[in-house]
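User: Could you walk me through this structure? I'd like to begin with the overall make-up and then go into packing and side chains.

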Amino acid sequence: MAKIIQFPINPTPKKLGLQRARKKKGKEDGKPGQLDLFSGGKLVKLNQLSVFEEALLIDEQGDTKKAKRSYLKAIEEGDCAADAYCNLGIIESQEGNYPKAIDYFTLCLKQDPRHYEAHYNLANLYGEVGNHMLAKVHYGIAIELEPEFPNSYFNLGLTLAQITEYREAVENLKRYKDLAPAEEHQLTD
């Protein structure tokens with residue numbers, strides 16, 4: 001005999017938050033953070049941040065106006081443009097400017113179609129505005145790109161429950177529990 005699980009209609013469960021993009025490491029062989037002694041060296045100035053790193057620092061300190069300007073400057077200079085677009089999308093989303101946020105996330109994906117944070121954040125945004133089918137697609141892509149990131153499974157599970165695909169919802173919530181620390185399991189229990 002099957003057991004029917006009732007999902008509450010109101011209020012809608014809160015999705016796990018947006019994922020800020022960090023500066024990506026180059027596609028270098030070897031250990032991260034170590035120079036290859038047998039190829040040409042690179043001059044790295046100490047105590048000087050790149051334009052993107054400075055924008056990220058300003059953003060994390062909460063000065064969104066200045067962070068926006070800094071991210072746009074990073075894009076102009078070609079410094080982590082995809083990550084800068086992604087973080088601009090987060091800022092616009094948090095300010096409720098959803099069309100601009102979607103624009104920034106898609107500009108990020110134009111720069112880097114495999115940018116998992118942009119897919120994840122775009123999925124969150126589509127879920128927020130009620131377009132659950134697009135949210136489902138972007139969560140699926142985010143999972144393909146970063147299969148060990150548990151929040152994608154949790155949010156996909158919520159999205160699937162909202163479009164009455166309960167079996168798949170439960171499977172994704174179970175996968176979330178497999179990946180997430182035990183202290184975070186109360187969200188799915």
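Analyst: This is a predicted model, and the secondary structure of the chain comes to 8 helices and 0 strands. Read from the N terminus, the elements run α-α-α-α-α-α-α-α.

User: How much of the chain is buried?

Analyst: Of the 189 residues in the chain, 40% are buried.

User: OK, on to packing. At what angle do helix 2 and helix 3 pack?

Analyst: Helix 2 (residues 64-76) packs against helix 3 (residues 81-94) at an angle of about 155°, and their axes are 9 Å apart. Angles over 145 degrees count as roughly antiparallel, and helix 2 and helix 3 are therefore roughly antiparallel to each other. The crossing in which helix 2 passes helix 3 is left-handed.

User: Which residues meet there?

Analyst: On the helix 2 side they are Thr64, Ala67, Lys68, Tyr71, Leu72, Ala74 and Ile75, which meet Ala81, Ala84, Tyr85, Asn87, Leu88, Ile91 and Glu92 in helix 3.

User: What about the loop between those two, where Cys80 is found?

Analyst: Cys80, in the loop between helix 2 and helix 3, has a positive phi of about 55° although it is not a glycine. As background, most residues other than glycine have a negative phi.

User: Which other residue has a positive phi, of about 60°, although it is not a glycine?

Analyst: Thr164 has a positive phi of about 60°, and it is not a glycine either. Thr164 is placed in the loop between helix 7 and helix 8 (166-179).

User: Is Thr164 buried or exposed?

Analyst: Thr164 is exposed, since its relative accessible area is 53% and the cut-off for exposed is over 50%.

User: Back to helix 3. How does it sit against helix 4?

Analyst: The axes of helix 3 and helix 4 (residues 98-111) come within 8 Å and cross at roughly 165°, which makes helix 3 roughly antiparallel to helix 4. Helix 3 passes helix 4 in a left-handed crossing. From helix 3 the contact involves Ala81, Ala82, Tyr85, Cys86, Leu88, Gly89, Ile90, Glu92 and Ser93, and from helix 4 it involves Tyr98, Lys100, Ala101, Tyr104, Phe105, Leu107, Cys108 and Gln111.

User: And helix 1 with helix 3, at what angle do they pack?

Analyst: Helix 1 and helix 3 pack at about 20°, with their axes 11 Å apart, and that makes helix 1 roughly parallel to helix 3. Their crossing is left-handed. Phe52, Leu56 and Asp59 in helix 1 meet Asp83, Ala84, Asn87 and Ile91 in helix 3.

User: Changing topic: how many aromatic pairs does a search of the whole structure find?

Analyst: The search finds 6 aromatic pairs. In one of these, Tyr116 and Phe149 have ring centres 5.7 Å apart and planes at 70°, so the pair is edge-to-face.

User: Where do those two lie in the chain?

Analyst: Tyr116 lies in helix 5 (residues 116-128) and Phe149 in the loop between helix 6 (132-145) and helix 7 (150-162), so the pair ties together parts that are 33 residues apart in sequence. Both Tyr116 and Phe149 are buried. Ring pairs also link Tyr116 and Phe149 with Tyr120 and Tyr139 in a cluster.

User: What lies over the face of Tyr153?

Analyst: Arg175 lies over the face of Tyr153, at 5.5 Å from the ring centre.

User: One last one: what does His119 touch?

Analyst: His119, which lies in helix 5, touches Leu109, Pro113, His138, Ile141, Ala142 and Leu145, if residues up to four places away in sequence are not counted. His119 counts as buried, at 5% relative accessibility.

Definitions and conventions
Residues numbered from 1 in each chain as written. Predicted model: local features only at pLDDT ≥ 70, side-chain atom pairs only at ≥ 80, totals over all residues. Heavy atoms only, no water. Phe/Tyr/Trp six-rings, centres within 6.5 Å; stacked < 30°, edge-to-face > 60°. Helix = DSSP H or I, 4+ residues; strand = E, 2+ residues; numbered from the N terminus. Buried < 20%, exposed > 50% of the residue type's maximum accessible area, 1.4 Å probe, protein only. Lys NZ or Arg CZ within 6 Å of the ring centre and 35° of its normal. Axes fitted to C-alpha atoms, helices over the stretch in contact; angles between N-to-C directions. Parallel < 35°, antiparallel > 145°, perpendicular 65-115°, else oblique. Left-handed = near helix turned anticlockwise from the far one by under 90°. Contact = heavy atoms within 4.5 Å.
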